Amino acid sequence: MASTWVEEATETNFEEKVIAASKTTPVLVDFWAPWCGPCRMLTPILERVIDSFQGKVRLIKVNTDENPSLAGRYRIQGIPAVKAFVDGQMVDEFVGVLPERQVREFVDNLVPSEADLLAQRARPMEEEQPQEALKLYEAALKQEPQHAASLLGKLRLLLALDRLEEARLFFNHLPAPLQFHEETRRLQIRLDLALSQKSGPTLAELRARASREPENLQHQFDLANRLAAEGKYEEALEAYLAIVRKDRRFNDDSARKAMLQLFEVIGVRSPLAERYREKLAQILF
């Protein structure tokens, strides 16, 4: 074929050439047939576009006459039908012949940008090399100032590095669409907790005070807040739960509300959240 990055696939090697391959490089699958005139019109357009991306995306052609089970599996009702695969999943598609400009836009949306690649490198480094990961996110933001993954990554690291005032200012300038992101909500709760505990007694002092006066629910609540702010989530949930058990109405139901917020931080469907949601329900109901 004309392009170096174009191959054919059959029912026997589709998993290897498309599903497995798409976990490292986006793959376009062109379902076609020899008798199809529009297919012959689309083929050179696809190959020119794919060739221009120089290996950042691959094209796999599937002859529907010779591979009917694949056509059935992907519900091919009209051809040419082009389906895009990323990370082993079909993520987009179109049917029929499109102008080259539109095909190029379609493919461009699949190919990771420089900012995407920098963010992908940074994510696994966050825990062991936070400073280096932060530099990568900042480099990505120079490429794309609105890059969502890098914005959230930088905010996570500012929190992890205890750069709270910087994190607060950074959070306040996040793009409006990102304000509704699920992770943004979790980070906002963490930031609010950390800022609320920025000054005041240390964790050791709060533990000692709570131990001296176990019936003082305010002391217990202060300790629970500090535990939550320092990421000791299970211990914090246990402390909040003890307050609810003693007096649900304490401070306008603050302990229960704090537990619900913490569930968001750790993941509402996480095993820890599920366990303490059940414990909370046993007390309340």
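## Exercises on a predicted model

Phenylalanine 85 has methionine 90 of β5 opposite to it. This is a predicted model, in which local features need pLDDT of at least 70 and side-chain atom pairs count only at pLDDT 80 or more, while totals for chains, interfaces and linings use all residues. Residues are numbered from 1 along each chain as its sequence is written, and side-chain values use heavy atoms, with hydrogens and water left out.

**Exercise 1. Find which strands pair with β4, and state how they run.**

Step 1. Helices (H or I, at least four residues) and strands (E, at least two) are DSSP runs, numbered from the N terminus. Two strands pair if DSSP finds at least two bridges between them.

Step 2. On one side of the pairing list is β5 (residues 89-95), joined to β4 by six bridges and antiparallel to it. Alanine 84 stands opposite aspartate 92 of β5.

Step 3. Strand β2 (residues 27-32) is also antiparallel to β4, with five bridges between them. Here aspartate 30 is opposite valine 82 of β4.

Step 4. The hairpin of β4 and β5 has two residues between the strands, and aspartate 87 in this hairpin has a positive phi near 55 degrees.

Step 5. For burial, the classes are buried (under 20% relative accessible area), exposed (over 50%) and partly exposed in between, with a 1.4 Å probe and protein chains only. Five of the six residues of β4 are buried, and the strand is mostly covered.

**Exercise 2. Locate the disulfide and give its handedness.**

Step 1. A disulfide is a pair of cysteine sulfur atoms within 2.5 Å. This rule gives a count of one disulfide.

Step 2. The pair is cysteine 36 and cysteine 39, with an S to S distance of 2.4 Å.

Step 3. The torsion about their S-S bond is about 85 degrees, so the disulfide is right-handed.

Step 4. Cysteine 36 is buried at a relative accessible area of 3%, and cysteine 39 is buried at 1%.

**Exercise 3. Describe the packing of α8 against α9.**

Step 1. Two packed helices are described by the angle between their axes and the distance between the axes. Axes are lines fitted to C-alpha atoms, for helices over the stretch in contact, and angles run from 0 to 180 degrees between N-to-C directions.

Step 2. Helix α8 (residues 164-172) packs on helix α9 (residues 182-196) at about 140 degrees, and the axes are 10 Å apart.

Step 3. Contact means heavy atoms within 4.5 Å. From α8 the contact takes in Leu164, Glu165, Ala167, Arg168 and Phe171, and from α9 Thr184, Gln188, Leu191, Ala194 and Leu195.

Step 4. Ala, Val, Leu, Ile, Met, Phe, Trp, Tyr, Cys and Pro count as nonpolar, Asp, Glu, Lys and Arg as charged, and the others, Gly among them, as polar. The contact residues are then six nonpolar, two polar and two charged.
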